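Subject: Structure handover

Hello,

Here is the structure I promised you. Please open it beside this email and read along.

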Amino acid sequence: MQGEHWDVSSSEEQSGARLSFHCWPSSRLEATRCVAPLGALYTPLKKLPPTCAPPTALQYDPIRCSAATCHAVLNPYCQVDFRTKLWVCPFCLTRNHFPPHYAENISEQNLPAELIPQFATCEYELPSVPPAGPPAFVFCIDTCAHVEELADLADSLQQILNLLPEDCLVGLITFGTNVQVHELGFEGLPKSYVIRGNREYSPGKVGQMLGCRGSAPGGKGGAPPPPPAPGQPQQPVQPAPAETPGSQVLRRFLLPVSECSMTLESILEDLRKDPWPVPSDKRVARCTGAALSVATSMLDLALPRRGARVMMFVGGPCTSGPGQIVSRLKTDDIRSHADLHRNAEPLHKPACEYYASLAKRHAVGSGGKGKGATQAAASASAASAHVVDVYACSLDQVGILEMGELVEATGGHMVLGDSFGQSVFKESLRRVFRTFDPDVPEDGGKMQMAFGGTLEVLTSREFKVSGAIGPVTSLNKKSPNVSDLEVGKGGTNAWSLGGLDPGTTIAVYFDVTNPGTSPLPEGKRRFIQFLTKYQHANGRTRLRATTLCGPWSNPPPDQGENRPPQPGQGGGGYNDGMQQPSPVKMSFDQEAAAVLLARVAVERTANEDVADVLRWTDRSLIRLCAKFADYVPDDPNSFRLTPEFSLFPQFIFHLRRSQFLQLFNSSPDEAAYYRYILNKESTTNSLVMIQPTLLSYSFNGPPQPALLDSQSVRPDTILLLDTFFHVVVFHGETCAAWREQRYHEREEHAAFRNLLEAPQADAQMIMDNRFPVPRYIVCDQHKSEARFLMAKLNPSVTHNSEGEAGAQVFTDDVSLRVFMEHLMKLAVQS
């Protein structure tokens, strides 16, 4: 905190976390009146500067609190008694003894890394957990796609093989009418096992069908040893250890890249379209669900605890077997929003239940169906080491809506494109295998992906955990700090994250439980600890502990708990210079709060009508402004928002118009895809999705940020729009005409050439650092693709406006000005 103002973005650089409020109200009632959710956006694997965390992982197990309900990790906020060699846990206030090797050497001048004041985040590489080995990748290829598509996909996968470390395991499954599992360990000719695509397969059944039944001790299949040669004495035979089905899968179907790259490349070069005949009035038979079942069963058999990815490359909807979303008859249309709203799609619910059952099979490991919730939670961290990715490249829907729960439960990637030859797919696939820069200590050159992640959140006693929203699955851990008020996936303080990368961000929501009758002592602090356990790409298990500390704010003495604030004076509302602004108000992070609110709104769309969610969003904004704005009651003209809140209403305005809450012009698959990405990305990226950024290029000077408004469209300017999913270079009418006349090719118009090139270079910089890679669009004013820009602009100039500068937007939506007028009128009502 600097003076009265908080540097709200610095906490993200220092700890990987952003909070909606940095100073919290000390009572439950005051927290409820704040309206905006009390929460944190936490990025578990964010690379932190060496001033905020040890540059390399600590090679020992962490010291933990001895209290049975706590087990917090030693951190800089612990009180340490150097004379008696004790430390006090800030979460449960338990006094703990240091272990002997700490107690012998610790002093105020000689502190271990986890007690150094600026190291609020420490990462441990746990020697107590044996290394799991390098990760495995199973490629599942849809052979129902067109021949050109298959060639593009095969080319991309051959490039990926060259990016993989030599010791990584790979497997190959192709599917169409049936599922083919390719035996990469068979030399001489391509060999594959064909499995019918109309049913689900358990791990045991898959092992049996692949001929991996295990062998008896003493040799293959238990055969007796050969007799000795004549005249030779009988040698004692050492029985060979029994070969399990899993080890047979590893020997035949999942091999290191160094051993099978030639075989795999030859199979990819010879990929053929599914040979089964397709009548003209029917769709192709595509058994996506059965292929997923076989792939996950193989990994459950062979690598139950090792990190692995099932990478599904899908070119159309599942039309056969489990997970089917549309019938093969072309007269039957694929489900739409209207069908889902009316419950008129008979295949949707069974498909969702099927993929959810695969997700639950991951959550309980491969051991079968009889395990209880406690055992499920205990084994989930191992089972969720297997990640399911979906790369859907098709002009039609492919079933991302139904597969979404499986991808979310395992922390997988979703990429949605039109074609396997498109850069959206090809570049996105390459970036899945990104490595750390060579100069990064310890991790340089290693892959950035991680597996089997779990997140546990510990809190001090005055507040509890309400839930989490993001790619998480509840581990049903009922700790004392779990709130009865659930948000997202609640009722627990621990979640399985599955696959992780440095950008994965989880939203965690909190509930202040301290009653207002007992104000907290001045100087009292609150503590949050995030414990993220995961399997690194090198096979070692790591634990990252991030501890956050912040102040409480007691309500002023003259404002009792049961006395509501006067209108306009709630959080330092209308004041004439005499009233001290509320510390809660001054600590507001409007960007983090907008993203936390957006995630709650998107989560609610799963069970509520979108119109109801929009009404809830509007009411939340009105109540927030009534609480924190400065105004005179019943006087809209006096309404003022301080800089901490000034952008929040326009974030909500653009959220209301975004593809996350508006289903017009998007399919169910696209809506599910957009919402999944929003719930996974960092604060900055999520804000770009909610309120896209706009840059204006002109002859008048360097590029300038422009208002996301129709008045920013000028004939002599070029605009660069970044919506996260699209990057649009938009040429004004005059600039487009000059380009068509080829003025930029003449020497005397070098300035115009530079003007044309500048936004394209900046667009490339944006796309170079993003996953999934956005679609790149170059368009001109009044042309068809200009709609990608015009749909995002605030419609301040419409077909009903007269004589205003800027491009007309043909819409009946209200503009930001009208929205703000209504907001001010409703917020100041007494």
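Below is what was found in it, from the whole protein down to single pairs.

First, the ground rules. This is a predicted model, where local features need pLDDT of at least 70, side-chain atom pairs count only at pLDDT 80 or more, and totals for chains, interfaces and linings use all residues. Residues are numbered from 1 along each chain as its sequence is written, and side-chain values use heavy atoms, with hydrogens and water left out.

**The whole protein**

The protein has 23 helices and 29 strands. These are DSSP runs numbered from the N terminus: helices are H or I with at least four residues, strands are E with at least two. Of its 830 residues, 55% are buried. Buried means under 20% relative accessible area, exposed means over 50%, and partly exposed lies in between (1.4 Å probe, protein chains only). Now take contacts, meaning heavy atoms within 4.5 Å. Among those between residues at least 6 apart in sequence, 72% join residues at least 24 apart.

**Helix 21**

Find residues 750-768. That is helix 21, with 19 residues. From first C-alpha to last, helix 21 reaches 27 Å, close to the 27 Å expected at 1.5 Å a residue. The expected span is 1.5 Å times one less than the number of residues.

Which residues of helix 21 are buried? They are Phe752, Leu755, Leu756, Pro759, Ala763 and Met767. An α-helix has 3.6 residues a turn, so residues three or four places apart point the same way. The buried residues of helix 21 pack against several elements, including helix 13 (423-432), helix 20 (733-740) and strand 29 (775-780).

**Salt bridges**

Side chains of opposite charge can pair when their charged atoms come close. A salt bridge here is a side-chain nitrogen of Lys or Arg within 4 Å of a carboxyl oxygen of Asp or Glu. The count comes to 36.

Start with Lys47 and Asp443, at 3.0 Å from N to O. The pair links distant parts of the chain, 396 residues apart. Lys47 is partly exposed, because its relative accessibility is 41%. Asp443 is buried, at 3%.

Next, Arg542 and Glu442 form a salt bridge, with their closest N and O atoms 3.8 Å apart. Arg542 sits in strand 22 (residues 541-553), and Glu442 in the loop between helix 13 and strand 16. Arg542 is buried at 1%, whereas Glu442 is partly exposed at 33%. Salt bridges that share partners join Lys47, Glu123, Glu125, Glu442, Asp443, Arg542 and Arg544 into one network.

Best wishes
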